[in-house]
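User: Hey, I've just opened this one and I'm new to it. Can you walk me through it?

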Amino acid sequence: MPAFPSVCVCAALLLTISSANAFKFSRCGGNDDINVQAISLEPSVITLPGRITLGFAGKIQRPFDNIDMKIELVRKTWLGNVRIPCIFNIGSCSYPDLCNLLDRMEREDWVGISARIAAEIRQLIASVDSEGMRACPYQPAELEIADRSLDLPGIPSLLAAIANGDYKIRVELSNSRSGSLMSCFEMEMTLKKGD
């Protein structure tokens, strides 16, 4: 299984099918058991399909094997903020058991793109991960990713209606046994659909 911090960041970015224009990152709470310190994303305008360069810095403070991720995706419109529902596991969704998330993405291949996304995440992890962080339970560790490229898939026609726009993503990481919020971070970005 993959290292937790990189799974969390990559899955959050890729499962929301988003890209960055004036990318913003901020923390929004949690007990810092998982401390996401910084995320960077380039270029400033990304088209899908396309390629991004990802940076990440974070720490796992103690061992975990029971982490759930909740993503809330909101599109900013002239009428106000509109929450994008969970459509075939893409959008504002909950993902239980991050230890098995990439396996599930590959097996179920949500809207024909999640298997490719999982493969990209696995390649990223293999290129930066230290021994001992690839399997659950995740062990205390620091992880820094600098200038790692990921290929983003095209947007399926099912999601084309929400392809272009400004988005805010909120990611919450919780201990599935206790329900405690371990980490929360938000990102603001703009999506542009390519030809």
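Predicted model: local features only at pLDDT ≥ 70, side-chain atom pairs only at ≥ 80, totals over all residues.

User: Where is aspartate 147 found?

Analyst: Aspartate 147 sits in strand E8. Its phi is positive, about 55°, although it isn't a glycine.

User: Which other residue has a positive phi without being a glycine, at about 40°?

Analyst: That's valine 111, with a phi of about 40°. You'll find valine 111 in the loop between H2 and H3.

User: And is valine 111 buried, partly exposed or exposed?

Analyst: Partly exposed: its relative accessibility is 21%, and buried would need under 20%.

User: OK, zooming out. How many helices and strands are in the chain?

Analyst: There are 3 helices and 10 strands. From the N terminus on, the order is α-β-β-β-β-β-β-β-α-α-β-β-β.

User: How much of the chain is buried?

Analyst: Of its 195 residues, 49% count as buried. The accessible surface comes to about 8600 Å², and 48% of that belongs to carbon and sulfur atoms.

User: What about the largest nonpolar core, which residues have the most contacts inside it?

Analyst: That core has 46 residues, and those with the most contacts inside it are Ile39, Ile67, Met69, Val171, Leu173 and Met187. Elements giving two or more residues to this core include strand E2 (34–42), strand E5 (67–77), helix H3 (114–128) and strand E10 (181–193).

User: Last one: what share of contacts between residues at least 6 apart in sequence join residues at least 24 apart?

Analyst: In this chain, 69% of them do.

Definitions and conventions. Residues numbered from 1 in each chain as written. Heavy atoms only, no water. Core = buried A, V, L, I, M, F, W, Y, C linked by side-chain atoms within 4.5 Å. Buried < 20%, exposed > 50% of the residue type's maximum accessible area, 1.4 Å probe, protein only. Helix = DSSP H or I, 4+ residues; strand = E, 2+ residues; numbered from the N terminus. Contact = heavy atoms within 4.5 Å. Areas by Shrake-Rupley, 256 points an atom, 1.4 Å probe, with all protein chains shown as cover.
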